Amino acid sequence: MTPTSDPAAQTAVDPSADWWRHAVVYQVYPRSFADSDGDGMGDIPGLVSRLDYLADLGVDAIWISPFYSSPLNDGGYDVADYRSIDSRLGSMDDVDRLVAESHARGMRVIMDIVPNHTSSEHPWFQELLASEPGSPAWDRYVVREGRGADRGQPPNNWRSVFHGSGWSQIRTPAGEPTGSWYLHLFDTTQPDLDWDNPEVHAEFRDILRFWFDRGIDGFRIDVAHGLVKEAGLPDFDYPHPDEEKQQAMFEDDIAHAPFWDQDGVHDIYREWRSVADEYDPPRVFCGETWVPNPERLARYQRPDELHTSFNFIYLEAGWNAAAMRRTIDETLANHAAVGAPPTWVLSNHDLVRHRTRMAPVDVSGARDLDRGLRRARAATLFTLSLPGSMYLYQGEELGLPEVVDLPDDARQDPAWHRSGGTDGTRDGCRVPIPWSGDAPPYGFGSDSATWLPQPHDWADLTVTRELGDPASTLEMYRAALRIRRASSALGEGSLLWLDAPGDVVALRRPGRDGTDVVSVINLGTGTVRLPAEWGTDLLVSSSDDVAALSTDDGPPSMVVGGETALWLAATS
Ligand code: NOJ
């Protein structure tokens, strides 16, 4: 690898400005990807050392979760300085090298921006704590007077996504409580910024330019739907009396809360879009938008707003033919109305890995992880055939399950601590990746004491073990991405539903070169014979339970086992 000081100088990336409309983007959770210095925590040099792996996998871009200076109270989503790198993860030189080396391999680099809140260690919040009430430093955050005679009660009833009140009392430098409270929709160390303040707007425009000028291709926007709060900060009539259920960011009724998906948030993205469009090629955005339906989601993709946003509604459809098909239809229709491609995702660093999520649960409560893997592979293959772009989360290409038995004292998720150990299971999908070998740290680094402990039964899930094994999950991903890239039918474009029996969902993607792709998923457990007119020209399948069978009275047709997906080439 040859380092370069000029990220733009070595560019082998897809030159088209609309690469994002069909890209496969791989999410890197940097602390858990690869550890270069043996401290048990992944870092940017570790990621750079593994770029060949990602290029060979066939992804178009990488999105990297935050690596800014941070106390890491929420895995880096608590940013203390948006213009510097956490020393445990690397340096600015490392980031420049990451961009240059990614571009040289044809991959774009998307960073993560966190505009809803800063860390309480950010100089702005420290300035607030050190200054007199009412000084300009107080106007950068959502600060209100408490309720009650001594203003000792929170200003309203909003709750933190991580449990407990969404408000904390501001204390004087001597530790005395004041009558003022600051909002934190997440951890107490993540105070919410006040987006009514023009200084906040100016600061974030400047941060965007800072990184765009360094060659970054775009940003994933954290809590993109949460920046603007309803005027007057009214109490929310929580639909569930049960505190546990009040946490979900995305349940239908919660999504209508006065702190989510407010119309005013769109003005911010119009402003940001004009910053991104100053660049050549234009920089791009992907919103983390937990909204109740595809119509609300597509609003974020209007032509002068964000390019893409995660479609979590499809992810929630789960292993259900009718729900999948309905969500796909609604998503396509709503995105078409604004001229934007949908963005599909099945796993990320906040969610139970889809191998485990999709695993059937037996009467004793045990999950069948073998069937979970079979379903996850089928779901991935089918989803990769949908129009638009797709995000993959590190380790899903290896078929990693969620780690459900982390020792309590290893857990880091702030929601775990704030809920008294009843919630906050996000650590289970953040366990460091197994690269090689038979025991921890599986080539992740040189120290077996990784920041989250790895299971002892991952020897068969390492990159080294799976590479070259045609039955492995990794080889299925590699094949699918290779075919997707080569096919004019996949990526952006249209979709035609095919009439399919029972629990089968099937569609046809027309190719511009006369070769279509028929994509089929059998969500049932029984074997199904597909119509002969779909052909038997198999491109890739999620299990080897597929075969072309002849019939006595007609052309051969495909027979597909349960919980299996496949792609067929079809001549149009
Ligand atoms: C969403 C991020 O994905 C999650 O990891 C984080 O805890 C919250 N936003 C708060 O920043």
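Where does Pro-441 lie? Pro-441 is in the loop between α12 and α13 (463-466), where helices are DSSP runs of H or I with at least four residues, strands are runs of E with at least two, and both are numbered from the N terminus.

First, the ground rules. This is a predicted model, in which local features need pLDDT of at least 70, side-chain atom pairs count only at pLDDT 80 or more, and totals for chains, interfaces and linings use all residues. Residues are numbered from 1 along each chain as its sequence is written, and side-chain values use heavy atoms, with hydrogens and water left out.

On confidence, pLDDT is the predictor's confidence in each residue, from 0 to 100. The mean for the protein is 94, and 95% of its residues reach 70 or more. Over residues 1-10, however, the pLDDT is below 50, and this stretch has 17 contacts in the model beyond near neighbours in sequence. Contact here means heavy atoms within 4.5 Å.

Now the domains. The assignment gives domain 1 (7-117 + 197-481), domain 2 (123-183) and domain 3 (493-571); such bounds come from an automatic or database domain assignment. Taken over C-alpha atoms, the centres of domain 1 and domain 2 are 31 Å apart.

What do domain 1 and domain 2 bury between them? The figure is about 2,000 Å², with 56% of it on carbon and sulfur atoms. Buried area is the accessible area (1.4 Å probe) that two parts lose on being put together, summed over both. In contact across this boundary are 26 residues of domain 1 and 19 residues of domain 2.

Between domain 1 and domain 2 there are 12 residue pairs in polar contact, both residues at pLDDT 80 or more. A polar contact is a pair of N or O atoms within 3.5 Å; within protein, one must be able to donate a hydrogen and the other to accept it, and residues adjacent in sequence count only if both atoms are side-chain atoms. On the side of domain 1 that touches domain 2, α5 (198-213) and α12 (414-418) each supply at least two residues. The residues of that side divide into 12 nonpolar, 4 polar and 10 charged. In this scheme Ala, Val, Leu, Ile, Met, Phe, Trp, Tyr, Cys and Pro are nonpolar, Asp, Glu, Lys and Arg are charged, and the others, Gly among them, are polar.

Next, salt bridges, meaning a side-chain nitrogen of Lys or Arg within 4 Å of a carboxyl oxygen of Asp or Glu. The count between domain 1 and domain 2 is 2. Arg-140 and Glu-199 form a salt bridge at 3.0 Å, N to O. A search of the whole structure finds 39. One of these joins Arg-299 and Asp-263, at 4.0 Å. Arg-299 is in helix α7 (residues 294-299) and Asp-263 in the loop between β9 (218-221) and α6 (265-276), so the pair links distant parts of the chain, 36 residues apart.

Asp-350 sits in the loop between β12 (343-345) and α10 (354-357). Its side chain makes polar contacts of 3.0 Å with the side chains of Arg-426 and Arg-430. Leaving aside neighbours within four places in sequence, Asp-350 is in contact with Glu-288, Arg-426, Cys-429 and Arg-430.

Last, the backbone. Most residues other than glycine have a negative phi, and most peptide bonds are trans. Pro-440 and Pro-441 are joined by a cis peptide bond, omega about 10°. Another cis bond joins Asp-280 and Pro-281, omega about -5°, with Pro-281 in the loop between α6 and β10 (284-287). Val-223, not a glycine, has a positive phi of about 45°, and is found in the loop between β9 and α6.
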